[in-house]
Structures are given as C-alpha cells and as structure tokens.
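Dear colleague,

Please find below the structure that I promised to hand over. I would be glad if you could look through it before reading my notes.

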Amino acid sequence: MTDQRVGPTVVADSTTIVHSTTTVHSARIVVPMTAPPIADGAVAVRDGRILHVGERSWVVDQLDGTPFTERRWRGALLPGLVNAHSHLQYTGMASVGRGQYDGFEDWASAFNTVYAEPHDWRAEAAAGAVQSIAAGVTSIADVVTDLEAASALQDAGLGGIAYWEVMDWENAAWQQHGRDQVLGELARMPTTPGAGLSPHAPYSLDVAPLLELPDIVRQRGLRLHLHLGEAAFEGERTAVEPVPGFEGVVGVGHGADWHLANVPSFRAMRALGFGASATSFVDRLGVLGPDCHIAHGVYMTAVDRALLRARGTAVALCPRSNAVIGLDPPPVADYLREGSPIAVGTDSLSSSPSLDPMADVTALHRIARAQGYSGRDLHERLLAAATLGGAHAMGLAVGPDRIGHLAVGARADLAVFDVDSRTVPDALAELVEDGAGRAAATVIRGVVRTADSARVAPGPSTTPSKESR
C-alpha cells in the first residue's frame, strides 16, 4: 500500500522480526500550521505522538540510528482535518441534502419528513465516520440527537467531541423535569473522546434552559456548541409594531433593552417588537464564551461578530450546507478582515453533498474572493481554519492530547493530499481551490486508517545507513 523504508531490525529467530516503533511520514510538502510549510519534509511518529517535524534529512538525523519505517507519500502532508460541525447520524438522510430549498423552513419540512422514517442511527453515524476518515478527517464536533448515535466517534477511534443536542424545551417544562432529563441524558454520553452539550438554537429553547445549560456544562468542565445565525430571522432587524395584546409593555416597539421586558424566549422577544439579534440574545444569557463555539454564523452584523471575538467564541462556517438550504453565504471576508476565529464544518448529509471539509474550504475561498477579500494569505488561513481552527474551536489545540497542528508532542493525526504542484504556494492554492476528493491517506494516533496505494511516491525499499547519509 505504501513504500516502506525500513531501518535496522532485530531478528529474534527464523520466523519473528521485531520492527521499530518509529515511523517517518515524509512528503514533498509538509504543512505544520504553526510553522512555515516545509519542502521535502517529514514527521517522525512514535506511540501515537509526534517526535520530530522538519526537513526530511534533519528528521532522520534526529533519530540518530534509531530503527524506523518510512512511508513516503506523494503530495502534501497536513494535520488531520477537523470537522468543526457535523451530525454523523444523519448520514442516511442524504436524499434531503441532494435537494435545493428556498430557506430554512422549506428545508426543515423536508428534513422532518425523512427524520420521522425508521433509522438505524448507530449504523448511519458509523457510516458517516467512515466517510469522514476517507476524506482526511481525524476529529469531529458531532452533534447527537439520538443516543444510539452517541458512540460514533469512540467506535471509529476519531478525536473530537460528541455534543448532546438539547431542543424544544419551554420554561415551565424545563423547570418541572427538563433539567433532570438532560442531566440523565448527558450522563449516558460517552466521555471518549469528549462530551459536551449543544443547546440547539436560540429559537428552539426558552430562556430558562438557555440560562442553565451553560452552567451545567461549565460545572463539569465540558464544552458548548450551538447553531447561531443560521436562519434569516435570527438577524438583527428594525423594531416592529407590537402585536395585539402586548400594548403598554415597557420597551415594546422601541429600542430599549429587551431583557427589561422579562421576555420568555427569543421568539417572544421578536413578537414583542424588539429587533435584537439572536447573537446578542444568547450573549445576554451568558451562553457565549471561550468554551463555546457556534455553527454557521451567516446572519451576523459587525456588532455580532465583535461579540463573538470579545467572548472568545469561534464560528464553524458551513457554506455548502447554507447553499443547499437556500441561505445567504456567510460573511467570510468580514470574518477574515476582522480577525475572527473561524473553523470549517460540513454539517450533515441532510444538508450537504458530502462530509469532505475540503469542499467547504473551496467554497469559502470562492465566497471570500467574491466578497472582495484580496489578501495573499487566503490559502493559508483557510487551511488553518480546517485544521487548527477546528481544534481551537473545541478547545483541543492545546494540552496533552492537542490536535490541529504538527508539533512535537501533539497527537499524531495526519492527512495526506495528492497534489501535483511542486512549489509550496502552488500546492497550497491547489489544495484550497480544488482539494475535495484528494485525500490519499489518513493517520489517527499514528495508525494509518486509510490509504490509496496509487498515491504513494516511488522510492527505494530500504533506508540507507546513517553513515551513507
């Protein structure tokens, strides 16, 4: 499957050979994300961790005669992709994602019809995990709606976080039994690789659960992830006249602070005539923060985006999903110009053509250019969004099990992409502008999980001795 260059081995007897535990993954271009790209680079891996990253000759010299096996890949070697927003359990709902819709409600109608059909959520989530690994993905922010699908990441050996989705709770029901029910469901979520809660969206939960869910998560040191700014009605709007029955309520129809009116929900706030955005609504409730990231972020004003930056909240952009649903493109150029932390998500096959984040990277490139972003750093920043950005969004870019970049001590999650370009700038451009379907190999915790034998660079079968190097 690959060209294996084997260093010295120890022969125990005529039938048993004990191989080294060090593997050197080398490629024409290595992109660490937290350091400049490296021509003719390599990553040395041992026990699922990265030992060295640098030029191939230097990496081999650092091994100082230690036995190793080399896998010489053709193309570009990157950190494993991080899909910062998906629903693996909806992999069997691809018929919905193949459609084209006139907005969120039109799509939701089609989604609900297919969702109500019989499903094997565990099997469909497992199929989504397989497709993700084949696309170079090594970690996922997976939103789980049915507990049968909760173990998909763990079962597939993927990294990331499984977020239990919480939705459709009104204040009275939440106070009576909702909190206890969600605590019980959270206790059933696997803690490997990680767990969290996903308050679905500001319009699907009343104020009481939106106030308490962040506390539940933070008391346990977990993470939050929600849909925000996905539907057009979440955007800021000019205050409208109050609806009948609410005459005389302080602030109705005016620009006063909505929270002074003691509104029970986002929808009620809008019915009362307040035009605050969903982003400002959840911020007032204390949902946003560095332990939270959002998905979509389409209908965001400059003030909304500034709130996200102030709270340290990253946004996972899902442009192909937005296009299928019939939404506007996200303000990619604004996020980039303003320095907002961004990541990349595919969403699910119920609203997207594939689980390949590189297709979304290409879409983001096209959108950013159309929106007037002319910076020469666009290729690098979008690749970083699909790797380090996703790790940062989930709080996984630092710590002992860090991912998203190629650095000593980080988890050995790698992705190889078949690109023909010989120079670093051309290779990065090729990856960003036409990278979908080019994953040649995926390595998770140092183990090659999938590889295309047609995309292995030719070379000698054995590693030269140290003296000959």
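Predicted model: local features only at pLDDT ≥ 70, side-chain atom pairs only at ≥ 80, totals over all residues.

Residues are numbered from 1 along each chain as its sequence is written, and side-chain values use heavy atoms, with hydrogens and water left out.

In soluble globular proteins, nonpolar side chains tend to be buried together. A nonpolar core here is a set of buried Ala, Val, Leu, Ile, Met, Phe, Trp, Tyr and Cys residues joined through side-chain atoms within 4.5 Å, where buried means under 20% relative accessible area, exposed over 50% and partly exposed in between (1.4 Å probe, protein chains only). The largest such core has 107 residues, and Val166, Met189, Leu197 and Phe281 touch the most other members. Helix α7 (residues 207-219) provides the largest share of this core, 6 residues; helices (H or I, at least four residues) and strands (E, at least two) are DSSP runs, numbered from the N terminus. A second, separate core of 18 residues includes Ile38, Val45, Trp73 and Ala441.

Ala42 lies in strand β5 (residues 38-46) and is buried, because its relative accessible area is 0%. Leaving out residues up to four places away in sequence, Ala42 touches, among others, Val24, His25, Val53 and Val59, a contact being heavy atoms within 4.5 Å. Arg28 is 14 residues from Ala42 along the chain, and their C-alpha atoms are separated by 8.7 Å.

How many disulfides does the structure hold? There are 0, a disulfide being a pair of cysteine sulfur atoms within 2.5 Å. Cys292 counts as buried at 1% relative accessibility, and Cys318 is buried as well, at 0%.

The largest pocket has a volume of about 660 Å³. A pocket is an open set of points on a 1 Å grid over the protein atoms alone, where a 1.4 Å probe fits, with protein on both sides within 12 Å along at least five of seven lines, and lining residues have an atom within 4 Å of a point; the volume is the space filled by probe spheres set on the points, which are joined across faces, edges and corners. The lining has 32 residues, of which Phe111, Asn112, Glu165, Met167 and His200 lie nearest the centre of the pocket. Helix α3 gives the most to this lining, with 7 residues.

With best wishes
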